[in-house]
Amino acid sequence: MAEGIDLPLAEARNGRPAEGAPVEIRCSDGVVLGGHVWAAGKARASVIINPATGVLARYYHYYARFLAAHGFDVLTYDYRGIGLSRPARLSGCGYHWREWGEKDFDAALRLMDARADLPLYVVGHSIGGFLPGLSKHARRVDRMLTMGAQYAYWRDYAPERRMQLFLKWHVAMPVLTALFGYFPGKRLGWLEDLPAGVANEWSFRRARMEMSHPPAEREEVLERFSAVTAPILAVAMSDDELGTEPAIRRTLAYYRNAEVSQALLQPVDFGFDAIGHFNLFHARHTEGFWRDSLLWLRDGTHPWPHKQPRGKMAFD
């Protein structure tokens with residue numbers, strides 16, 4: 001555990017953090033997203049939590065409650081096609097992965113920016129750590145914490161699982177998506193259902209992210225990432241099969257004008273045998289990773305300066 005954090009878990013009224021209040025987030029194209037705002041009372045900053053692909057926003061509610069208890073106003077929300085933002089009919093809805101950044105995160109950012117004159121931070125899990133760079137207003141972000149940030153290029157998967165994951169996400173998923181008109185992930189136990197456009201962008205992602213965009217838009221996409229100057233702390237777990245060191249370096253290389261810090265953590269650092277890609281947001285990490293993360297979100301201090309990865313920032 002990092003030194004210097006000694007705050008009570010609950011600072012809000014009645015000894016407990018406020019519960020999340022439902023909120024609607026209207027995107028620039030008229031799509032309305034569902035989410036919750038967790039108010040701290042007298043907040044030090046606003047935090048937007050960006051979920052991983054196919055993960056409901058409610059999975060992050062325990063962490064949102066924790067942050068609210070420590071003085072942050074927090075927004076959790078579901079991307080279009082997921083959870084509270086799922087349309088009545090998923091098949092044929094036409095939603096795409098890139099819209100989660102260009103429209104959904106952008107709308108979330110504008111909502112929290114208009115809500116209060118506070119520093120604005122992002123906690124991004126998996127694809128959620130990549131999406132901010134797609135927003136036209138991402139330069140407004142003041143600080144980012146990412147966990148396993150990656151955009152699912154198959155060569156970055158952990159070598160020992162690469163073939164299995166390739167068959168699952170890049171063979172089975174597009175076939176099932178073509179058959180159903182959307183990806184039926186929930187019935188398979190493979191995360192939530194996904195719109196066809198999201199699933200197919202995942203399945204057919206190339207080494208260069210911008211190649212998923214029309215040729216006329218690619219330069220603008222790169223410029224958006226370059227406009228991000230917020231300090232980023234990028235966390236990787238040593239046993240993460242998706243958010244590997246190469247995957248995170250591939251993501252971070254797009255944030256070329258951001259001040260980037262990294263940490264490669266081991267499950268044993270927090271007293272566990274395994275953590276992987278999803279486990280850090282379980283409440284069992286309250287007194288470990290969560291409390292450490294406050295050093296970065298509260299003070300901009302790297303909690304694990306001795307846990308640096310050895311890889312270089314360049315990618316193929």
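Helices here are DSSP runs of H or I with at least four residues, numbered from the N terminus. In this predicted model, helix 6 covers residues 218–226, and Arg-224 and Glu-220 are four residues apart in it, so about one helical turn separates them. An α-helix has 3.6 residues a turn, so residues three or four places apart point the same way. Arg-224 and Glu-220 form a salt bridge, with 2.8 Å between the closest N and O atoms. Arg-224 is buried, its relative accessible area being 13%, whereas Glu-220 is partly exposed at 36%. Besides Arg-224, the buried residues of helix 6 are Val-221, Leu-222, Phe-225 and Ser-226. Helix 2 is included in what covers them.

In soluble globular proteins, nonpolar side chains tend to be buried together. The largest nonpolar core of this model has 57 residues, and Ile-48, Leu-75, Tyr-77 and Leu-194 are those with the most contacts inside it. Helix 2, which spans residues 97–115, supplies the largest share of this core, seven residues. Another core lies apart from it; this one has 33 residues, including Ile-49, Val-74, Met-147 and Ala-263. Returning to the 57-residue core, Ile-48 touches Leu-75 and Tyr-77, as well as Phe-105, Ala-108, Leu-109 and Met-112. Leu-120, Tyr-121, Val-122 and Val-123 are also among the residues that Ile-48 touches, when residues up to four places away in sequence are not counted.

The packing of helix 2 against helix 5 can be followed next. Two packed helices are described by the angle between their axes and the distance between the axes. The axes of helix 2 and helix 5 (residues 196–203) come within 7 Å and cross at roughly 115°. Angles of 65 to 115 degrees count as roughly perpendicular, and helix 2 and helix 5 are therefore described in that way. On the helix 2 side the contact is made by Trp-97, Arg-98 and Trp-100, and on the helix 5 side by Gly-197, Val-198, Glu-201 and Trp-202.

Helix 5 is largely enclosed by the rest of the structure, because six of its eight residues are buried. These are Gly-197, Val-198, Ala-199, Glu-201, Trp-202 and Ser-203. The elements that cover them include helix 2, helix 3, strand 7 (182–183) and strand 8 (194–195).

Salt bridges number 17 in the structure. One of them joins Asp-73 and Arg-115, whose closest N and O atoms are 2.9 Å apart. Asp-73 belongs to strand 4 (residues 72–77) and Arg-115 to helix 2, so this pair ties together parts 42 residues apart in sequence. Asp-73 counts as buried, at 6% relative accessibility, whereas Arg-115 is partly exposed at 39%.

A further salt bridge pairs Glu-241 with Arg-161, with 2.3 Å between the closest N and O atoms. Glu-241 is in the loop between strand 9 (232–237) and helix 7 (245–252), and Arg-161 is in the loop between strand 6 (143–147) and helix 3 (162–180), so the pair ties together parts that are 80 residues apart in sequence. Glu-241 is partly exposed, at 25% relative accessibility, and Arg-161 is partly exposed with a relative accessible area of 25%. Salt bridges also link Asp-29, Arg-80, Glu-99 and Asp-104 in a network.

Some individual loop residues remain. Pro-119 sits in the loop between helix 2 and strand 5 (120–125) and is partly exposed at 32% relative accessibility. Between Pro-119 and Ser-46 the C-alpha to C-alpha distance is 6.2 Å, although they are 73 residues apart in sequence. Neighbours within four places in sequence aside, Pro-119 is in contact with Arg-44, Ala-45, Ser-46 and Asp-142.

The last two residues concern the backbone. Most residues other than glycine have a negative phi. Ser-126, not a glycine, has a positive phi of about 60°. Ser-126 is in the loop between strand 5 and strand 6, and counts as buried at 4% relative accessibility. Ala-152 has a positive phi as well, near 65°. Ala-152 is in the loop between strand 6 and helix 3, and is buried with a relative accessible area of 5%.

How values were computed
Residues numbered from 1 in each chain as written. Predicted model: local features only at pLDDT ≥ 70, side-chain atom pairs only at ≥ 80, totals over all residues. Heavy atoms only, no water. Core = buried A, V, L, I, M, F, W, Y, C linked by side-chain atoms within 4.5 Å. Buried < 20%, exposed > 50% of the residue type's maximum accessible area, 1.4 Å probe, protein only. Helix = DSSP H or I, 4+ residues; strand = E, 2+ residues; numbered from the N terminus. Contact = heavy atoms within 4.5 Å. Salt bridge = Lys/Arg side-chain N within 4 Å of Asp/Glu carboxyl O. Axes fitted to C-alpha atoms, helices over the stretch in contact; angles between N-to-C directions. Parallel < 35°, antiparallel > 145°, perpendicular 65-115°, else oblique.
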